[in-house]
Amino acid sequence: MGMQQPDEQRAITTARHVLSGLIRAGIRDLVISPGSRSAPLAYAAAEAEAAGILAIHVRIDERSAAFMALGLSQSTGRPVALAATSGSAIGQMLPAVMEANHTATPLLVLSADRPDELHGTGASQSTRQKNLFGEHVRLAANVAAGVDPGDQVQQALAALAGDQHSAAGPVQLNLQFRDPLVPAPQERIIGQAWTAIEPGVWQGSAPAQQLGMPAQDLVPRRTVVIAGHGAGAEAQRFAQELGLPLFAEPSSNARFSANAIGHYRPLIAVGMDHIERVVLFGRPTLSRPVGKLLANPVIDSVIWQPAPVAWYEAGRRRETPVSSWSQLQEFAGTGAENWLASWQQLDAQALQVRQGLNHESAITGVDVAEAIWEHSPEVLLLGSSNIVRDFDLAARPAAKRSMAAHANRGLAGIDGTIATALGLAQGSKQRTLAVMGDITFAHDASSLSWTPGEEQPRVDLVVYNDGGGAIFSTLEHGAVDASGRYANAVERLFATPQQLSLPALAEAYGWQYARAASKEELSAVLASTQPANLRLIEVPASRSSLRAENLELNQQVGQLAWPEL
Ligand SMILES: Cc1ncc(C[n+]2csc(CCOP(=O)(O)OP(=O)(O)O)c2C)c(N)n1
Ligand SMILES: C=C(O[C@H]1C=C[C@H](C(=O)CCC(=O)O)[C@@H](C(=O)O)[C@@H]1O)C(=O)O
Ligand SMILES: [Mg+2]
């Protein structure tokens, strides 16, 4: 036990100061994993939760905890605090912190640490963790043992919110706790001064830019609008006001109007020579044709309000600078005669091509996307790899109603997808549908675990199980595989086939299991109201002919003639 310390220097006093500062600023959620060095935070959090001003979410695995916090933050619109003990536990948070950096999501890592006097003495679980996340955090601040954390807490809150020069994003507050790590003998979970804390409302970063009224006398142009991840409704409004075709990725949340061209990806090959200008909202992350379009030297492009996260580094792109909504509209112009109608006609033709293709699998990823898009869940999480691209093809614009579509597109990782879904569901308090591939599911299967006694979120987890990473067959690796020059290396080293039993995993983790072998069966399962909060829905599929089907779609759509309207 440590020597008798003045109260203000005790570890639990520091923890109380940190958490009360966060709660006053509007933070309401703490995701915590078990540990002793982080015990002062655990006890202080238990007190705050007992006072009704903090919600604690317990997760065994810190990697899973961090991705759950990512989902919680994105669905609540406020930062989420993360706490874990010292050592490799903090290192587990790096993947989610990297994703938070690239999607400007405010996560606050409260990393418990040994006091300086224990470092370098061979003490257990001690490492240099003060700057563990490097450039992936907006700020890494350290609170030495026994020191008032007030200043660092305020610095951390400012960095979480971001400003006009730096986007919101993750922050690390390293807290060096000296023994004793437990409350004093006379202290109890109820009765601390938490009732005197006035919970605040998170102010966050600057409010969304006020968009101007439509500019007058715009020049008719052949401009397309691209809405990448994070684009939002303003991209849709922009395209609608100017009558322009919109290439909207499914996680752009701008795909709910007739301006959205569903099959834009294969159609770019048909229309590239007709495009004069591009206006980009958000960050496109799905396809090489969009990359080619943005890199085309004869097409002027503008990025609207690039988020100051590590997406676009100044000067690394050729674009026309604009600083106002009306300037943006003047750059884009209004849709030239028949410009939007031509793209809409091509889209209809491409849909016919796609629907005419033969598929070996009884149900394709696009079938799954169509069934889910028509089901229109309140909250949708799209896994990386093929399934998000299947939605990119199949998510019919002008869906019945908009939904909150999410995806970890900051780094397009297949990690932490289940945990992110749990966080989205817990934060939104709405039934959340997460859809992913089988390797993505396998990568995060341990996140199926739920902490007994904690309120269960409502999640439908749809797994498109084609027995491996099918996307590689659609890339250049598929050609290497087909050549036989590397034997079965591509199948073994890239597709990483798996034979997981999803019913057994559902049973093991207490999820209800359902199976849907056709689009109709999937629609019926989704429509059925189930008492079970946690439902795992397996869609068994085949990937053997995916490469050929993709090549056929691109080849047939690519041959469509530009309409003569
Ligand atoms: C953390 C992480 N590891 C590896 C990758 C590379 N990767 C991208 S897609 C993929 C396979 C995904 O397989 P699955 O989830 O079954 O989807 P499918 O390709 O079959 O649609 C992999 C390994 C990644 N993006 N992120
Ligand atoms: C599998 C990985 O990511 C790759 C996934 C698909 C991208 C792609 O080319 C999709 C098809 C298209 O763009 O039309 C591919 C890319 O952007 O080149 C990604 O690298 C991975 O391990 O990185
Ligand atoms: Mg797969």
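Two strands are said to pair if DSSP finds at least two bridges between them. In the predicted model described here, strand S17 and strand S18 (residues 534-540) meet this condition, pairing in the parallel sense over four bridges. Within this pair, Ala-514 has Ile-537 of S18 as its bridge partner.

These two strands belong to an open sheet of six strands, which has the order S14-S13-S15-S16-S18-S17 and parallel pairing. Strand S14 (404-407) and strand S17 (512-515) stand at the edges; each has a single partner strand, so one side of each is left without a neighbour in the sheet. On average, and with direction ignored, neighbouring strands of this sheet are turned by 20° against each other. Helix H19 (residues 502-509) packs on the sheet, where it touches strand S16 (459-465), S17 and S18. The direction of H19 makes about 160° with that of S17.

A second open sheet is made of four strands in the order S9-S8-S10-S11, again with parallel pairing. Here the edges are held by strand S9 (246-248) and strand S11 (300-303), and because each has a single partner strand, one side of each is left without a neighbour in the sheet. The twist from one strand to the next averages 20°. Strand S10 (residues 277-281) is paired with S11 in the parallel sense over four bridges, and Val-278 has Ser-301 as its bridge partner in S11. Helix H10 (residues 325-332) packs on this sheet and touches strand S8 (223-227), S10 and S11. Its direction makes about 145° with that of S10.

The surroundings of the two ligands were examined next. Around ligand 1 there are 17 residues, of which Asn-386, Gly-437, Ile-439, Thr-440 and Gly-469 come nearest. Helix H13 (386-394), strand S15 (432-437) and helix H15 (438-443) are the elements that give two or more residues to this shell. The most is given by H15, with three residues. Strand S15 also has a place in the order of the six-stranded sheet, between S13 and S16. By class, the shell around ligand 1 consists of seven nonpolar, seven polar and three charged residues.

Around ligand 2, the residues are Ser-287, Arg-288, Ile-471 and Leu-475. This shell divides into two nonpolar residues, one polar and one charged.

His-136 is placed in the loop between strand S4 (107-113) and strand S5 (139-143). A residue counts as buried if 20 or more other C-beta atoms lie within 10 Å of its own, and as exposed if 12 or fewer do. His-136 has 19 other C-beta atoms within 10 Å and is therefore partly exposed. Residues up to four places away in sequence not being counted, His-136 touches Val-97, Met-98, Asn-101 and Pro-170. The C-alpha atoms of His-136 and Ile-372 are separated by 34 Å, the two residues being 236 residues apart along the chain.

Terms used
Residues are numbered from 1 along each chain as its sequence is written. Chains are lettered from A and ligands numbered from 1 in the order in which they are written. This is a predicted model: local features need pLDDT of at least 70, side-chain atom pairs count only at pLDDT 80 or more; totals for chains, interfaces and linings use all residues. A residue is near a molecule or strand if its C-beta atom, placed from the backbone, lies within 6 Å of it. Ala, Val, Leu, Ile, Met, Phe, Trp, Tyr, Cys and Pro count as nonpolar, Asp, Glu, Lys and Arg as charged, and the others, Gly among them, as polar. Axes are lines fitted to C-alpha atoms, for helices over the stretch in contact, and angles run from 0 to 180 degrees between N-to-C directions. Two residues are in contact if their C-beta atoms, placed from the backbone, lie within 7 Å.
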